[in-house]
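Reader: I am new to this structure. Please take one part of it and examine that part closely, after placing it within the whole.

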Amino acid sequence: MLRWWVDDTDFQSEVAVGTPDVFVLGGVIATQDQSRDLAAAIDAIRTPYGGPRLPLKWNFKDAERFYSRDQKLLSLYDKLREDTASWRRAVFDAIGASGVQILVTAIEAYSPERDKVKELRTELMRWVFTMGLSRFGLHVKNSGQTSAEVVLDWPPRNERDPINIEYRSAFVRGASKDGQRYHSGPLKEMGFADAPLFATMQYACMLQVADLVVGATRDFMRGARQGKFGPGLDCLRRVRHCFRGAPGADETQGLVVSPGNAGFRESVRRANK
C-alpha cells in the first residue's frame, strides 16, 4: 500500500494583499515499511530530548499548546525549541535516507484584493488538493501498487467538505469537481480507499513529516517569491533527490505550481536549479 501523508499551509506573497494568498499542500508518499522505518529513525532523533513520540513541527512555536499541558513537557519544549536547527537537519537527513517521495503543490490567488482572496480561499484549497491528488493517482498507477490511501492533518475549523467532495469526484469519475480529467483514471480502479482519512498531527509521526516538508517548502517558495531565503532552502537541499520525478523533478512532478501562476512558477523554477 502507498499512502500520501498531507499537510497544508499558506503565506503572504505581497505586503499589499494583507492576507495569505499563496496556498501550499502536500507531503510524502510512502509504503508501510518506509513509514515504519522513518518513524523509528525520527524517534531516535527525539529520544535524547526526552521521549520518542514528542510532536515536531516546522514552526515549532505552534506546538507550545501541546507541551504546555504540564511542567515536564514544557521543559522538553524549551529544549527542542532551542535546538530547532539541529533536529530539523537530522530529521531531513532521515527523510532523505528513507526512500519516501515528496509531492507538494501550490497556487497563488489571482486577486490582489484582500476580501476577494478570503472569499476564494476554500476554492483555492480545493484546487491545490486536486493538483496533488491527480499526480498521486498517476504515481500509484505507474508504481504497480494495488492499494492507496490519502491521510490528511485535521483541517482548521473542521473544513473537510472541500477535500471530501473533490476526493469523491476523483474516486468515482476520475475527474475534478469541475471536470478536469485525471490521467490515472478513476481512483477506485487503482485500489484507493473510498474516502480520505483525517488524523491529528500531534499523534501521527508521518503527518509531522508532512508538516516539516510542507513548512520547508513554504519557506523556500516564499524566498523564491520575495528573493530572501530562510532555513527551508538548506532542509530541502537535503531531500531534493526525494521529490517525485527526481533527478530533474520540476513543477510538473514533485514540486507543482499552478500553471496559471506563470510568474510564481518561474521564480520557483529558477530557485530550484
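Author: Accessible areas are computed by the Shrake-Rupley method with a 1.4 Å probe, and for residues only the protein chains shown count as cover. On that basis the protein has an accessible surface of about 12,500 Å², 48% of which belongs to carbon and sulfur atoms. The model is predicted: local features need pLDDT of at least 70, side-chain atom pairs count only at pLDDT 80 or more, and totals for chains, interfaces and linings use all residues. Residues are numbered from 1 along each chain as its sequence is written, and side-chain values use heavy atoms, without hydrogens and water.

Of the 273 residues, 53% are buried (under 20% relative accessible area, 1.4 Å probe, protein chains only). The protein contains 9 helices and 6 strands (DSSP runs, H or I of at least four residues and E of at least two, numbered from the N terminus). Along the principal axes, its C-alpha atoms fill a box of roughly 50 × 45 × 35 Å.

Phe220, Met221, Ala224 and Arg225 of helix 7 meet Phe264, Ser267, Val268 and Ala271 of helix 9 (heavy atoms within 4.5 Å). The residues of this contact comprise 6 nonpolar, 1 polar and 1 charged (Ala, Val, Leu, Ile, Met, Phe, Trp, Tyr, Cys and Pro are nonpolar; Asp, Glu, Lys and Arg charged; the others, Gly among them, polar).

How values were computed
Buried < 20%, exposed > 50% of the residue type's maximum accessible area, 1.4 Å probe, protein only.
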